[in-house]
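Hi,

Here is the structure I promised to pass on. Have a look at it first, and my notes on charged side chains follow below.

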Amino acid sequence: MKNILVVEDELPISRVLKVYLEKHHFQVEQAFTGDEAQRKFDLINPALVLLDVMLPGRSGWSILEYIRAKSSCPVIMLTALGQIDNKLAGLHQGADDYITKPFIADEVVARVQAVLRRSTQIIEGDHIKQFGSLKVDFKARTVMLHGIELTFTPKDLTLFLFLAQYKNQAFTREQLIEQVWGMDYEGSDRAVDLAIKRIRRALEHWPDAEGEIRTYRGLGYKLCVYE
């Protein structure tokens, strides 16, 4: 049973989320302030966090920053209607999705299930793959090059792990957006190009003879591994 941390200071909303999530066989922990959210995150190591932006004390942004500094745990932000800047800021800072209030509880459960599917599908099969001097651990969500761990943003890491899981297969930008950003993503497919650019920069010392991320004009990208 996966543990979901619900961080929401409005008790009625928190109660509704807890009831609906438990009905779908999730275990739910609640936090009502930013400080409590940080303590419980460290204590229970949740599978996913539902995180309200406006909290007493430390804000949701501060908690998101804290989580991202130490974990790739999926985070879904809860934002008030019309706060477009909040949505964009959340995605840029490493949130996996956002939900606008007021919301339907069933939609929240569906979003939670979708984000968890995207974050877990890449660890199916072999947990560790070696591409020459590049070592990819899907379970630990780490990438090592020449024995040194590479640093990625959470979204870039998810994108690279997906490409690595399906090495030597080409994917369109639309397919990558669906798998990594989700079907509800409303931004430009330019986000894929920018993420690939950052990933290539992180892989700049990976020998060309071992592999590369290749661009297919008019189609998309492929992680080519030369074995």
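Helix α1 holds both K18 and E22, which sit four residues apart, about one turn of the helix. Their side chains form a salt bridge, with 2.8 Å between the closest N and O atoms. Please keep in mind that this is a predicted model.

How accessible are the two partners? K18 has a relative accessibility of 23%, so it counts as partly exposed. E22 is partly exposed as well, because its relative accessible area of 37% falls between the 20% and 50% cut-offs.

K101 and E8 meet through their side chains in a salt bridge, at 2.8 Å from N to O. Here the partners are 93 residues apart: K101 belongs to strand β5 (residues 97–101), while E8 lies in the loop between β1 (3–7) and α1 (11–23). Are these two residues buried or exposed? Both K101 and E8 are buried.

Another salt bridge connects R214 with E212, where the closest N and O atoms are 3.1 Å apart. R214 is partly exposed at a relative accessible area of 33%, and E212 is partly exposed too, at 30%.

There is also a network to look at: E8, D52 and K101 are joined into one by salt bridges that share partners.

How many salt bridges does the structure hold in total? The count is 11, and the pairs described above are among them.

Happy viewing, and do write back with any thoughts!

Best wishes

Conventions
Residues numbered from 1 in each chain as written. Predicted model: local features only at pLDDT ≥ 70, side-chain atom pairs only at ≥ 80, totals over all residues. Heavy atoms only, no water. Salt bridge = Lys/Arg side-chain N within 4 Å of Asp/Glu carboxyl O. Helix = DSSP H or I, 4+ residues; strand = E, 2+ residues; numbered from the N terminus. Buried < 20%, exposed > 50% of the residue type's maximum accessible area, 1.4 Å probe, protein only.
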